[in-house]
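Visitor: I have a model to go through and would like to ask about its packing. Please show it first.

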Amino acid sequence: MKKTLSILIIIFAILSFAACSSFEITSNGSASPSVPASEATTNVALSKQSTIETAESIEPGTAEQPANGAEQSVSNPDDTKMLVIYYSLTGTTKAAAVIVQESVGGDFFEITTVDEYAMAHDDTLAQVDKYRSENYLPQLSSKLENLDDYDSIFLGYPIWRGTFADPMAAFLRDYDLSGKTVNPFSTSGSGTLGTSVEDLKALEPNAIVLDGLAVRGNAQSSITEWLNKLGITK
């Protein structure tokens with residue numbers, strides 16, 4: 001009877017040990033419950049799905065530079081190519097255009113004409129009045145070959161009889177600024193843009209014409225303030 005009881009106790013102990021074997025020993029020596037193969041596969045799939053969703057939820061341009069220095073396809077506003085175009089008779093508009101170009105970078109183009117304009121103020125206006133009464137615009141002696149290379153255009157001009165100078169009108173006659181961002185600036189004794197911005201929009205309806213600047217007082221200060229408002233600096 002005692003021998004039979006001893007055998008039953010040994011069998012019970014073996015069965016208890018087998019029940020405890022559902023725990024595995026991990027690589028760090030701690031015990032963890034074993035996972036059936038089907039559940040393990042499901043967990044891996046959920047982990048991959050979570051990674052994909054997280055990556056897609058990040059907005060472009062907000063990710064930090066990878067530690068390995070890999071390139072990222074993030075748009076860079078510095079890629080915008082700028083061109084400063086100006087007409088100047090007395091040199092005042094040219095001086096303003098130089099300040100703009102030095103502030104934003106980009107390239108420089110001067111509008112010149114075959115016909116010469118008088119330098120004296122009253123004589124210039126008399127010549128302008130005559131040409132406009134005849135619906136005449138001057139022929140340009142300068143030629144811009146690569147306008148398509150530029151995204152943002154700065155147009156500088158003096159104000160003649162309330163709008164941009166006739167050589168600028170001739171430039172707008174000869175060149176198409178469609179799709180480009182245009183930033184006009186002017187110089188004049190009255191310190192206003194006149195109707196030049198409205199006239200520019202009418203002549204270039206497919207361009208994006210922004211609010212212009214009438215340069216007055218300290219040209220450097222007014223141009224810097226204007227460019228800061230536009231968010232354009234070199």
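The questions and answers below concern a predicted model.

Visitor: Which residues have the most contacts inside the largest nonpolar core?
Guide: That core has 33 residues. Strand 3 (82-86), helix 4 (121-133), strand 5 (152-160), helix 5 (166-174) and helix 6 (196-203) each give two or more residues to it. A separate core of 16 residues also exists, and Ala 97, Val 100, Phe 154 and Ile 223 are among its members. In the 33-residue core, the residues with the most contacts are Ile 85, Leu 155 and Phe 171.

Visitor: Which residues does Phe 171 touch, leaving out those up to four places away in sequence?
Guide: Phe 171 is one of the buried residues of helix 5. Leaving out its sequence neighbours up to four places away, Phe 171 touches Ile 85, Phe 109, Ile 111, Leu 140, Leu 144 and Leu 155.

Visitor: How many residues of helix 5 are buried?
Guide: The buried ones are Asp 166, Pro 167, Met 168, Ala 169, Ala 170, Phe 171 and Leu 172. They pack against strand 3, strand 4 (107-110), helix 4, strand 5, strand 6 (163-164) and helix 6. Helix 5 is thus described as mostly covered, and its buried count is seven of nine.

Visitor: Is Met 168 buried or exposed?
Guide: Met 168 lies in helix 5. Leaving out residues up to four places away in sequence, Met 168 touches Ile 85, Tyr 87, Ile 111, Leu 155, Gly 156 and Tyr 157. Buried means under 20% relative accessible area. Because the relative accessibility of Met 168 is 0%, this residue counts as buried.

Visitor: How far apart in space are Met 168 and Thr 112, C-alpha to C-alpha?
Guide: In sequence, Met 168 and Thr 112 are separated by 56 residues. In space, their C-alpha to C-alpha distance is 9.4 Å.

Visitor: Which strand is joined to strand 3 by five bridges?
Guide: Five of the five residues of strand 3 are buried, so this strand is largely enclosed by the rest of the structure. Met 82, Val 84 and Tyr 86 cover one side, with Leu 83 and Ile 85 on the other. Met 82 has Ser 152 as its bridge partner. The strand joined to strand 3 by five bridges, in the parallel sense, is strand 5.

Visitor: What is the handedness of the crossover from strand 3 to strand 4?
Guide: Strand 3 and strand 4 are parallel and share four bridges, with Ile 85 paired to Phe 109. Between them the chain passes through helix 3 (residues 92-104), making a β-α-β crossover that is right-handed.

Visitor: Is the ring pair of Tyr 157 and Phe 164 stacked or edge-to-face?
Guide: Tyr 157 and Phe 164 are both buried. Planes over 60 degrees apart count as edge-to-face. With centres 5.7 Å apart and planes at 75 degrees, the pair is therefore edge-to-face.

Visitor: And is the pair of Phe 171 and Tyr 175 stacked or edge-to-face?
Guide: Both of these residues, Phe 171 and Tyr 175, are buried too. Planes under 30 degrees apart count as stacked. Their ring centres are 4.5 Å apart and their planes at 20 degrees, so the pair is stacked.

Visitor: Which ring does the charged end of Lys 81 sit over?
Guide: The charged end of Lys 81 is 5.3 Å from the centre of that ring. The ring belongs to Tyr 150.

How values were computed: Residues numbered from 1 in each chain as written. Predicted model: local features only at pLDDT ≥ 70, side-chain atom pairs only at ≥ 80, totals over all residues. Heavy atoms only, no water. Core = buried A, V, L, I, M, F, W, Y, C linked by side-chain atoms within 4.5 Å. Buried < 20%, exposed > 50% of the residue type's maximum accessible area, 1.4 Å probe, protein only. Contact = heavy atoms within 4.5 Å. Phe/Tyr/Trp six-rings, centres within 6.5 Å; stacked < 30°, edge-to-face > 60°. Lys NZ or Arg CZ within 6 Å of the ring centre and 35° of its normal. Pairing = 2+ DSSP bridges. Right-handed = clockwise from strand over helix to strand, strands pointing away.
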